[in-house]
Amino acid sequence: TQGTAGLAGVNIAVQENGVQVPPQSSSPGSALSDNSTVSDSVTVSGDGNIQSVSVTVNLNHAWIGALKVSIVHPDGTEILLHNLTGANGQSINTTFPSPTSPPQSLDALNGKGVSGAWTLKVQDTDGFGDTGTLNSWGFTLVHLSSSSATTDADGNYAVGSLTSGTYTVTPSKDDLTFNPPTSEVTVGPDATGVDFAVDASSAELSITEIVANPNQVVAGGSSI
């Protein structure tokens, strides 16, 4: 190399992988009246974008083939979990999407925020006198949490307030291509020696010595 000057202005994206919000649940014991809709909501707080959702429903009804059951995201997006199937079956006690695949994919919620009021809706669609009870329901969210920083004049950066977990660290700047394009870092205990270099075809420079601990991710100086 021709010196040890740092590479400033590199954006460092730090994304935590597979963070699970504590399982949410409600036991309303709500009556499912004939030809009506029952809704029950649970409020979630937190940051990050959804990676996966699973929903558990426990209800009894004289004719589950008359029911539509759906989960509603805080932004109003509604996913149908059960749609008029099961004929004269008298209970739904399962988890979507596994082992029970819903008629609409829960993947449509991926990328959306986790926070806000989540609602389960149960609709009885006929007027034949069939009733029941929504005993309980719940859901589990796995989300992606992200932070970012920009290298200073010496090629250093720090991202604070990180919890223990696995993070994907991605550098980017203008038209430069980094090698590797991303690195996986485990926070808690520390991770050191995670280096990035720019491909020779774009420039002769590198960012080196990423260090991670439960509170921050730090990159050492870069060279050109």
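**Salt bridges, a sheet and a core**

Modeller: Let's start at Asp174, which forms a salt bridge with Lys173, with 3.7 Å between the closest N and O atoms. Keep in mind that this is a predicted model.

Colleague: Okay! Is Asp174 buried or exposed?

Modeller: Asp174 counts as exposed, because its relative accessibility is 70% and the cut-off for exposed is over 50%.

Colleague: How many salt bridges does the structure hold?

Modeller: Three. Another of them joins Lys112 and Asp75, whose closest N and O atoms are 2.8 Å apart.

Colleague: And which parts does that pair tie together?

Modeller: Lys112 sits in the loop between strand 8 and strand 9, while Asp75 sits in the loop between strand 6 and strand 7, so the pair ties together parts that are 37 residues apart in sequence. Lys112 is partly exposed at 22% relative accessibility, and Asp75 is partly exposed at 46%.

Colleague: Which residue does Lys121 bridge to?

Modeller: Lys121 forms a salt bridge with Glu78, and the closest N and O atoms are 3.5 Å apart. This pair links distant parts of the chain, with Lys121 in strand 9 and Glu78 in strand 7, 43 residues apart.

Colleague: What about the hairpin of strand 6 and strand 7? Which residue takes a positive phi there?

Modeller: That's Gly76, with a phi near 100°, and the hairpin has five residues between its strands.

Colleague: New topic: how many residues are in the largest nonpolar core?

Modeller: It has 28 residues, and those with the most contacts inside it include Val57, Leu81 and Trp118. Strand 5 gives the largest share, five residues. A second, separate core has 13 residues, among them Val14 and Tyr157.

Colleague: Which residues is Val57 in contact with, beyond its close sequence neighbours?

Modeller: Leaving out those within four places in sequence, its contacts include Val69, Leu81, Ile92, Phe96 and Leu120.

Colleague: And where is Ile64?

Modeller: Ile64 is in the loop between strand 5 and strand 6. It counts as buried because its relative accessibility is 8%, and buried means under 20%. Ile64 and Ile92 are 28 residues apart in sequence, but their C-alpha atoms are 7.5 Å apart in space.

Colleague: Last one: what is the nearest side chain of opposite charge to Asp130?

Modeller: Lys68, and it is 16 Å away. Asp130 is buried yet has no salt bridge. It lies in the loop between strand 9 (116–124) and strand 10 (132–150). Leaving aside neighbours within four places in sequence, its contacts include Leu32, His61, Trp63 and Asp124.

Note on methods:
Residues numbered from 1 in each chain as written. Predicted model: local features only at pLDDT ≥ 70, side-chain atom pairs only at ≥ 80, totals over all residues. Heavy atoms only, no water. Helix = DSSP H or I, 4+ residues; strand = E, 2+ residues; numbered from the N terminus. Buried < 20%, exposed > 50% of the residue type's maximum accessible area, 1.4 Å probe, protein only. Lys, Arg positive; Asp, Glu negative; His and termini not counted. Salt bridge = Lys/Arg side-chain N within 4 Å of Asp/Glu carboxyl O. Contact = heavy atoms within 4.5 Å. Core = buried A, V, L, I, M, F, W, Y, C linked by side-chain atoms within 4.5 Å. Pairing = 2+ DSSP bridges.
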